[in-house]
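Colleague: I would like to learn how to read strand pairing, helix packing and contacts between parts of a model. Could you take me through them one at a time, with the general idea before the case?

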Amino acid sequence: MSFDEIYNIALMQGFAGLSLFSVLLLMGLGLAIIFGQMGVINMAHGEFMTIGAYTIFLFSSLTETYAPGLMQAYFPVAIVFAFLIAFGFGWLTEWALIRHLYKRPLDTLLATWGLSLGMQQVFRSTFGPKEVSPTLPDWLMGSWAPSEGLDIPINGLFVLALTALVTGGVLLALYKSRWGLRVRATVANRPMANATGINTKRTDRLTFAIGCGIAGVAGAAFTTIGSTGPTSGSLYIVDAFLVVTFGGAASLLGTVASAFGIAQTQSISEFFLTGSMAKVLTLLLIVTILMIRPQGLFASKIRR
Amino acid sequence: MADKKDTIPATLTDEQRRKVLLGMAAAPALMVPGVSFGNAQFPTAKVNTTKLAVTDTEVIVGQLHSATGTMAISETGSIQAEQLAIDQINAMGGILGRKIKVIKEDGASDWPTFAEKSKKLLVNDRVACVFGCWTSASRKAVLPVFEKENGLLYYPTFYEGLEQSKNVIYTGQEATQQIIWGLDWAAKEKSAKTYFLVGSDYIWPRTSMKIARKHIETVGKLGKVVGEEYYPLGHTNFNSLINKIKVAKPDVIFVTVVGGSNVAFYKQLKAAGITGAKQFLLTLSVTEDEMLGVGGENFAGFYSSMKYFQTLDNPNNKAFVEAFKKAYGPKSVIGDVTQAGYLGPWLWKAAVEKAGSFDVDKVVAASPGIELKTAPEGYVKVHENHHLWSKARIAQGQPDGTFKVVAESADLIEPNPFPKGYQ
Amino acid sequence: MDAFKNWVARSGMGSILILALLIMVVFPLTMDIFRLNLVGKYLTYAFVAVGLVMLWGYGGILSLGQGVFFGLGGYMMAMFLKLEASDPEATKIQSTPGIPDFMDWNQLTELPIWWQPFHSFSFTVLAVVAVPMILAFIVSFAMFKRRVGGVYFAIITQAVALILTVLIIGQQGYTGGVNGITDLKTLMGWDIRDDSSKYVLYFVNAGLLIGVILLCRWIQMSKLGTLLLAMRDKEDRVRFSGYDVSMFKVFAFVLAAGISAIGGAMFTLQVGFMSPSFVGIVPSIEMVIFAAVGGRMSLVGAVYGALLVNFGKTYFSESAPDLWLFLMAALFIGVVLAFPNGLAGLYESHVKPWLSRRKSSPPAPSMEAPASSAHTPKTAPESSLPKGVQGQSA
């Protein structure tokens with residue numbers, strides 16, 4: 001094996017870690033907003049991702065049937081709709097369910113678990129039990145090969161770019177917009193925020209809905225790397241929670257760091273160990289670190 | 001037994017069969033002149049000495065699959081195919097003059113539920129036989145129940161072998177039937193020397209890979225295994241694995257990845273530049289059902305080793321595909337296991353008629369040697385060890401999601417659930 | 001006599017007695033062995049639910065990983081039974097006779113060293129209870145000492161459940177993988193698959209369950225129980241009074257783990273196999289819902305919850321499988337939103353007043369029926385227990 005090959009493999013392996021990082025981050029981001037900023041545990045987060053994924057599937061089948069000429073262009077539009085639809089459902093969920101349970105975080109957990117069961121059954125009844133996979137535009141498939149023996153997956157690049165965009169957007173919104181200001185005020189001190197005229201209930205609803213919307217985007221992005229079935233969401237939920245908890249709940253930066261750490265650990269150990277053992281090793285590492293440092297990597301002043 | 005064959009044909013002629021398969025519309029016409037046995041010839045007291053749910057006009061069978069839960073994805077096809085076969089048999093006049101009535105139970109992808117429901121079917125409902133199970137785990141869960149209550153199970157899935165029960169007829173392939181011929185073909189056609197084995201982490205892939213490795217390295221002396229990897233069920237990130245494959249540069253990637261992982265695996269392979277045009281890949285776990293999720297564009301050019309493909313070109317299969325699509329919609333697809341599920345009721349019918357009784361012991365005794373000339377996959381025969389003699393086939397995935405059969409074993413391959421030299 | 005009546009009312013003995021009558025007399029008399037065996041299976045889940053009442057209702061700690069302990073208990077019992085079922089005679093077809101079949105399929109040629117002790121029944125019985133409790137201690141000690149609570153604890157227990165599932169499935173040569181440990185036949189020569197032994201096992205199981213409930217009830221009525229409640233509602237005040245709060249929490253968690261493990265072992269005995277599908281996250285959360293439906297404050301309610309939900313599951317999955325998941329969803333949401341105290345709460349708030357009105361006899365509450373008496377004056381004044389769900393440890 002020549003030096004060139006080793007160099008290429010190392011590059012591709014680095015990118016594999018990076019692409020897992022973007023997947024984890026995208027999963028965790030919506031949750032970090034909901035869980036970190038509001039203290040709400042949304043076990044149905046995975047199902048909101050599935051909503052996004054099915055939106056893409058729907059768009060792809062519709063485009064294929066009615067406007068095959070637009071196949072190359074539907075994807076970005078579908079992502080926007082994935083956000084909007086998940087956002088809408090999130091808004092509804094907050095109104096119907098979550099707002100009654102703010103004082104009882106553990107009960108939210110049970111109620112949203114119930115919600116996730118119901119949503120899975122709705123998916124099953126609507127789209128059937130079989131896994132589906134949207135037809136992707138050509139530009140999203142295949143690999144980018146800058147040199148011989150070096151293949152960088154385009155879908156990986158796409159998810160990476162999307163993650164950067166969404167993360168940047170969330171950070172910007174949280175620290176530069178009125179909404180962000182309100183959210184941060186509410187997190188810091190709810191009665192005070194109320195007293196200064198912030199409609200904290202409204203802020204909560206909007207925050208929850210935005211978190212769900214981001215989940216929808218995540219689900220949409222995952223259609224480029226995996227499949228979509230009624231129970232796809234449940235595959236992601238534990239990973240997503242671990243990313244957020246490991247990072248330190250209220251810190252977005254922590255979520256980024258923890259997604260990076262977990263992704264690299266898993267991806268590198270996968271290269272040297274078997275897949276199952278790599279998973280166990282990564283989880284054990286997370287749990288051990290959490291036991292020693294329960295506040296996560298980046299602790300911050302959270303509402304207790 | 002031979003004398004009975006004159007009055008009760010164990011199998012129908014192709015002509016008769018095709019008429020039936022053409023759908024339920026043709027059925028009433030067949031029923032009148034059809035094989036009407038009349039219960040005078042087969043009084044209930046005679047054909048049912050073990051208190052099964054058999055009356056003068058009806059015989060009750062069970063169907064036990066997952067209609068809900070994670071396995072519903074895979075088991076739906078089997079449920080449909082078994083139902084289709086039963087409807088067709090009823091349209092022909094049933095078995096020994098009795099219509100088949102089905103009690104459907106849902107195993108809900110949960111193994112103890114399978115055990116519980118199988119017990120209900122055998123003890124409470126006294127069904128004459130059960131068509132069901134899909135995963136090995138569910139079969140292992142119900143097996144003690146079937147052996148204890150002396151039930152009869154028709155199991156449709158290709159599986160890892162290492163099992164042989166008096167109370168089970170296995171209508172799918174055991175591991176060697178799927179693997180050895182396929183590997184030999186790969187070695188011969190593609191002059192493959194190095195093999196990389198990838199599987200999901202549970203019993204079927206691990207046993208299959210064990211047999212594959214033995215065959216590659218010692219028994220068949222095909223070459224050498226340059227990697228063997230397993231990933232947890234539901235794993236969706238294969239980039240590190242793909243890099244390992246790139247390091248190893250195998251001639252053949254031999255795959256037994258299942259479920260949702262399957263889709264992620266092929267999508268990521270394609271994204272990493274490993275396509276059918278550049279790399280030879282042979283899998284045991286992609287049928288037409290999986291193809292729906294994987295997408296033809298991601299699997300194009302890769303090969304799958306099965307005994308049945310929907311595109312098989314023979315009259316039996318044409319009629320079967322037509323009837324299936326008529327019953328379940330033009331978009332429905334038929335995979336290997338679906339076809340094996342379809343065989344179950346027909347094999348049972350032939351065995352019951354040969355035995356002249358519904359009693360499990362007699363049906364089991366009559367089963368070895370039962371032939372089915374009308375099987376969509378061609379011709380099958382029940383072996384002494386309760387598995388089927390069947391052909392092996394290799395097909396190449398096409399961009400439109402269908403398979404093109406490229407090779408077929410000349411003879412039926414003998415089932416061998418406990419292969420010597422492969423342990 | 002009055003003193004006795006008061007004691008019965010206060011201790012909830014009446015409701016426990018009714019439950020005992022129901023599962024020890026009424027069910028066996030009215031059901032055939034098939035149904036009874038099912039009930040027996042449901043009752044093994046009730047162990048977990050009872051453990052959760054102590055942990056969650058009283059301790060305020062929600063664990064989403066109780067399946068780990070249920071599974072460990074079940075697996076260890078299954079290991080013993082499997083070794084017995086794999087004597088050289090029965091396994092002579094294997095390349096290495098005398099080891100469990102799944103080991104043979106995975107090219108193991110001798111029994112792993114940590115399987116060896118499970119040849120002994122007394123060791124197995126001890127391990128069934130002790131190993132899960134030790135694991136529970138290790139997991140909880142570190143976390144409660146650092147005052148990890150509430151949601152974080154729940155998520156970490158989930159991760160533990162995930163780890164164990166992946167391990168069991170991945171190490172199939174040692175554990176049987178996704179198929180689990182199947183085909184168990186005898187317990188020290190006694191065929192556990194016979195109808196008569198199913199009866200015996202059912203009664204052993206029911207007896208153990210009643211015993212566990214009595215033990216928990218005793219703990220609840222002791223000072224310890226009061227402290228657990230106090231801690232759940234105002235952790236800091238208990239801490240400032242000089243108590244080591246974390247050790248009480250560890251105690252509750254270890255207790256719940258031990259109880260769940262007994263249930264797991266009984267499950268293996270009655271069902272005849274054990275598989276990783278009872279270890280993971282989904283069964284763990286389902287077990288929480290049993291406790292929630294029954295009423296998270298009520299030991300007896302937990303049993304009714306487990307029975308009711310499982311009967312519902314069996315019934316609806318037969319008649320309307322699609323509906324079942326919606327119903328389950330509604331159950332989760334409904335119990336949380338509308339009836340945070342479950343069946344027991346409903347009984348307390350509706351049936352009981354109605355009963356006493358009908359009897360119209362003076363206050364002495366002489367009868368206590370299927371619902372617990374968590375709200376008896378001794379354990380905690382009614383006012384300090386608003387709905388029994390507040391103050392989930394800050």
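Colleague: How many bridges join strand E14 of chain B to strand E15 of chain B?

Modeller: The general idea is that two strands pair if DSSP finds at least two bridges between them, and the elements themselves are DSSP runs numbered from the N terminus, with helices being H or I of at least four residues and strands being E of at least two. Here five bridges join E14 (residues 393-397) and E15 (residues 403-408) of chain B, and the two strands run antiparallel. One of the pairs to look for is B:Gln396, whose bridge partner in E15(B) is B:Lys404. E14(B) and E15(B) form a hairpin with five residues between them, and B:Gly401 in the turn has a positive phi of about 90 degrees.

Colleague: Before we go on, what kind of model is this, and how is it numbered?

Modeller: This is a predicted model, in which local features need pLDDT of at least 70 and side-chain atom pairs count only at pLDDT 80 or more, while totals for chains, interfaces and linings use all residues. Residues are numbered from 1 along each chain as its sequence is written, and chains are lettered from A and ligands numbered from 1 in the order in which they are written.

Colleague: In what order do the strands of the open sheet in chain B lie?

Modeller: In a regular strand the side chains alternate between the two faces of the sheet. In chain B the open sheet has seven strands in the order E7-E6-E8-E9-E10-E14-E15, with mixed pairing. Its edge strands, each pairing on one side only, are E7 (224-231) and E15 of chain B. Neighbouring strands of this sheet are turned by 25 degrees against each other on average, with direction ignored; axes are lines fitted to C-alpha atoms, for helices over the stretch in contact, and angles run from 0 to 180 degrees between N-to-C directions. An example of parallel pairing is E8 (residues 252-256) with E9 (residues 280-283) of chain B, which are joined by four bridges, and there B:Ile253 stands opposite B:Leu281 in E9(B). Helix H8 (residues 175-189) of chain B packs on the sheet, touching E8, E9, E10 (303-306), E14 and E15 of chain B, and its direction makes about 165 degrees with that of E9(B).

Colleague: Why are helices H1 and H10 of chain A called oblique to each other?

Modeller: Two packed helices are described by the angle between their axes and the distance between the axes. The axes of H1(A) (residues 3-38) and H10(A) (residues 252-272) come within 8 Å and cross at roughly 140 degrees, and the pair is therefore oblique; angles under 35 degrees count as roughly parallel, over 145 as roughly antiparallel, 65 to 115 as roughly perpendicular and the rest as oblique. H1(A) passes H10(A) in a right-handed crossing, a crossing being right-handed if the near helix is turned clockwise from the far one by less than a right angle, and left-handed if anticlockwise. Among the residues that meet are A:Gly17, A:Leu20 and A:Phe21 in H1(A) and A:Ala259, A:Phe260 and A:Ala263 in H10(A), where residues are in contact if their C-beta atoms, placed from the backbone, lie within 7 Å. By class, this contact of H1(A) with H10(A) has 15 nonpolar, seven polar and no charged residues, with Ala, Val, Leu, Ile, Met, Phe, Trp, Tyr, Cys and Pro counted as nonpolar, Asp, Glu, Lys and Arg as charged, and the others, Gly among them, as polar.

Colleague: How do the axes of H2 and H9 of chain A cross, and at roughly what angle?

Modeller: The axes of H2(A) (residues 45-66) and H9(A) (residues 232-247) come within 7 Å and cross at roughly 130 degrees, so H2(A) and H9(A) are oblique to each other, and their crossing is right-handed. The contact includes A:Glu47 and A:Met49 of H2(A) and A:Tyr236 and A:Ile237 of H9(A). Its residues divide into five nonpolar, six polar and one charged.

Colleague: Which domains does the assignment give for chain B?

Modeller: Domain bounds come from an automatic or database domain assignment, which for chain B gives domain 1 (4-173 + 312-390) and domain 2 (175-306 + 394-408). The C-alpha centres of the two domains of chain B lie 31 Å apart, and 16 residues of domain 1 are in contact with 14 residues of domain 2.

How values were computed. Contact = placed C-beta atoms within 7 Å.
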